[in-house]
Amino acid sequence: MGTFCSVIKFENLQELKRLCHWGPIIALGVIAMCSTMAMIDSVLWYWPLHTTGGSVNFIMLINWTVMILYNYFNAMFIGPGFVPLGWKPEDSQDSMYLQYCKVCQAYKAPRSHHCRKCNRCVMKMDHHCPWINNCCGYQNHASFTLFLLLAPLGCIHAAFIFVMTMYTQLYNRLSFGWNTVKIDMSAARRDPLPIIPFGLAAFAATLFALGLALGTTIAVGMLFFIQMKIILGNKTSIESWIEEKAKDRIQYYQLDEVFVFPYDMGSRWKNFKQIEQLKQKADKRIRSVRYRVIEDYSGACCPLNKGIKTFFTSPCTEEPRIRLQKGEFILATRGLRYWLYGDKILDDAFVEGVSRIRGWFPRNCVEKCPCDAERDQVPEGEKKNR
């Protein structure tokens, strides 16, 4: 009893609140629907107790479900790993290479970023994922990536079972003539009766589960491909945007420089092994690019008047959109091909500490300022020293 109480603590029970969100509810609902229907259809198609193949098929199906849920809950409840509140580098000289977070009242550790949703600085932050209702970072990046790999594989297996079940069940009931299709119900009335009757409701549920499985395979498979692409470069999603921004800056100013990502190990295999390692190396300051609004934007999630590509590539996130008016200024910190993410400056004064509104906005509504296009985010202590 003492061991049980030591494992289940009050802090662990508080983490269960993460399940009360639309992301985990939808994700776990899809997993439950596909797994349950796949097990039921396995009994109809390939009875596991009669043949070795049926037993292996059923055990593999259970194994997919267990591994998917294990990595999913690991990614959700272990969390990304947060920078301790009030953290400072051991060597005070290293603070000049680090940003200072006013919310956490601490310096940001190398490769860490502040998450507005979690309200904490996250170590090696990749992104805030609504499907796990948590950030993806240093501690749970490996579990999250494994979940993205196992979910499509399990859905492919389940989709195969759904197709074979519908084929075998309909084959026993339908006979095709030259001009008619006859339904033979003798299979449904056979003696003994099947353990699970395959009627119209079962057919509709199997067809619905097949659609979920195929949709999950495509959507999650694409996310896994994107994650592996940045992992093999030893990057995060945010660092990929920083690299793109740095190269764009070099091209914009026609500088004779070559951007070298500081954490690239030079080998994809070495980069892959870094997924659970945090290289202790100070970042250079991350710069924000200043833009001027050249076209009004209403703040709509999918604006029809900003182009077809902008409409269909709206970020799939619950983060807000910023309403823009021509002539305003905005700081972009990251973004996609047709969208940017940043802070709108509410004050005319372009100084540190002014009030801002943060969110997404279309890229074609803004243009880079010809001067003062970027600035350093300097910690308060360093500003005073200067």
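## A look inside the predicted model

Arginine 111 is buried, with a relative accessible area of 1%; buried means under 20% relative accessible area, exposed over 50% and partly exposed in between, using a 1.4 Å probe on protein chains only. This is a predicted model, in which local features need pLDDT of at least 70 and side-chain atom pairs count only at pLDDT 80 or more, while totals for chains, interfaces and linings use all residues. Residues are numbered from 1 along each chain as its sequence is written, and side-chain values use heavy atoms, leaving out hydrogens and water.

Let's stay with arginine 111 for a moment. Its place is in the loop between strand E2 (106-107) and strand E3 (113-115). Helices (H or I, at least four residues) and strands (E, at least two) are DSSP runs, numbered from the N terminus. Phi of arginine 111 is near 70 degrees, a positive value in a residue other than glycine. Most residues other than glycine have a negative phi. The charged end of arginine 111 also sits over the ring of tyrosine 263. For that, NZ of Lys or CZ of Arg must be within 6 Å of the ring centre and within 35 degrees of the ring normal. Lysine 235 is placed in this way over phenylalanine 261.

| Charged residue | Ring | Distance from ring centre |
|---|---|---|
| Arginine 111 | Tyrosine 263 | 4.1 Å |
| Lysine 235 | Phenylalanine 261 | 5.7 Å |

Next, the loop between helix H6 (200-231) and helix H7 (237-253), where threonine 236 is found. Threonine 236 is buried, with a relative accessible area of 0%. The backbone oxygen of methionine 125 lies 3.3 Å from a polar atom of the threonine 236 side chain. Not counting residues up to four places away in sequence, threonine 236 touches Lys124, Met125, Asp126 and Ile230, where contact means heavy atoms within 4.5 Å. Asparagine 234 is found in the loop between H6 and H7 too, and counts as buried at 2% relative accessibility. Phi of asparagine 234 is near 55 degrees, a positive value in a residue other than glycine.

Now for the nonpolar core, a set of buried Ala, Val, Leu, Ile, Met, Phe, Trp, Tyr and Cys residues joined through side-chain atoms within 4.5 Å. Of the 17 residues in the largest one, Ala38, Phe162, Phe198, Leu210 and Ala213 touch the most other members. Helix H3 (22-45), helix H5 (141-171) and H6 each supply at least two residues of this core, and the largest share, six residues, comes from H5. The contacts of phenylalanine 162 include Cys34, Met37, Asp41 and Thr206.

The structure also holds 12 aromatic pairs. Rings of Phe, Tyr and Trp (its six-membered ring) pair if their centres lie within 6.5 Å; planes under 30 degrees apart count as stacked, over 60 as edge-to-face and the rest as tilted. The rings of tyrosine 100 and tyrosine 107 have centres 5.1 Å apart and planes at 75 degrees, so this pair is edge-to-face. Tyrosine 100 is partly exposed, with a relative accessible area of 28%, whereas tyrosine 107 is buried at 13%. One aromatic cluster is formed by Tyr72, Phe73, Phe77 and Phe147.

Finally, the whole chain: the protein chain has 10 helices and 14 strands, and of its 386 residues, 41% count as buried.

Definitions and conventions:
A polar contact is a pair of N or O atoms within 3.5 Å; within protein, one must be able to donate a hydrogen and the other to accept it, and residues adjacent in sequence count only if both atoms are side-chain atoms.
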